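Trainee: I have a model open and would like to learn how to read its features. Could you walk me through it, please?

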Amino acid sequence: MTPFPKKLQDRAEALEAADEQLTTLDEDGLLAAPVDIFSMLRDGIDLHESLKDTSRTFASGECVVVTGNVDVETLVLKGPGGMLVLGDLRVGTAELHANVLVLGNCDISERVVGHDEPNTLTVLGEVQGGRAEMQKQFIMQFLGGGKLTALVDSEGGAAELLELLSGAGSELEVDEVDP
């Protein structure tokens, strides 16, 4: 296994467990899109203990790594660096144009919109909340189950994604699928 950057050595055990889980699911064909933690980190790290703010925008080539929780009313991630959250992600709204991996839980009070292939939002913990929208082949993978008011795919594939997530052991409940 490739070693994690020195800045993350004290979190290596949690990262290795997440990487192993994601690799196993991918090898079993149970992920809609593979997630490679090492690729996310290869162009550098913008390290934070936690993020708590009304509004936050990131547009860097480095991966924003948060070792604790993210609690932001409005989050905009323009990438290409992406975001790795080792704790929980709590947002009112989020606009994602890069890969996001959350090892903890995810709470969406209003909506999260993801844009463009090959970007993904992958949550290993439970998701709760509002509307999740996938635009232009963006993939959302809620592996720890939970409940959303709506899951929308601009390509019309939300029902197929739910079936795949169910096969991966996710018990995600969605009130409206591709409304």
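Predicted model: local features only at pLDDT ≥ 70, side-chain atom pairs only at ≥ 80, totals over all residues.

Mentor: Happy to. Residues are numbered from 1 along each chain as its sequence is written, and side-chain values use heavy atoms, leaving out hydrogens and water.

Trainee: How are the strands named, and in which sense do E4 and E6 pair?

Mentor: Helices (H or I, at least four residues) and strands (E, at least two) are DSSP runs, numbered from the N terminus. Two strands pair if DSSP finds at least two bridges between them. Here E4 and strand E6 (residues 89-96) pair in the parallel sense over 7 bridges. Strand E2 (residues 51-58) is also joined to E4 by 7 bridges, and the two run parallel. Within that pairing, Asp53 has Val72 of E4 as its bridge partner.

Trainee: What is the strand order in the open sheet?

Mentor: The open sheet has 6 strands in the order E1-E3-E5-E7-E9-E11, with parallel pairing. Strand E1 (45-48) and strand E11 (139-142) are at the edges with a single partner strand each, so one side of each has no neighbour in the sheet. From one strand to the next the twist averages 10°, using axes that are lines fitted to C-alpha atoms (for helices over the stretch in contact), with angles from 0 to 180 degrees between N-to-C directions.

Trainee: Which residues have the most contacts inside the largest nonpolar core?

Mentor: First, the general idea: in soluble globular proteins, nonpolar side chains tend to be buried together. Buried means under 20% relative accessible area, exposed over 50%, and partly exposed in between (1.4 Å probe, protein chains only). A nonpolar core is a set of buried Ala, Val, Leu, Ile, Met, Phe, Trp, Tyr and Cys residues joined through side-chain atoms within 4.5 Å. In this model the largest one has 58 residues, and Leu84, Leu121 and Phe142 have the most contacts inside it. Helix H1 (residues 12-27) gives the largest share of this core, 5 residues.

Trainee: Where does helix H3 pack its buried residues?

Mentor: Ala158, Leu161, Leu162 and Leu165 are the buried residues of helix H3 (residues 158-167). Seen down the axis of H3, they fall within an arc of 100°, so they line one face of the helix; the arc is that of the directions from the helix axis to the C-beta atoms. They pack against strand E10 (127-135), E11, strand E12 (146-153) and strand E13 (172-177), with contact meaning heavy atoms within 4.5 Å. Exposed Glu160 and Glu163 are on the face turned away from the buried side of H3. Just after H3, Gly169 takes a positive phi of about 95°.

Trainee: Is Gly79 buried or exposed?

Mentor: Gly79 is buried, with a relative accessible area of 9%. Gly79 is found in the loop between strand E4 (70-77) and strand E5 (83-85). Not counting residues up to four places away in sequence, Gly79 touches Phe58, Ala59, Ser60, His97 and Ala98.
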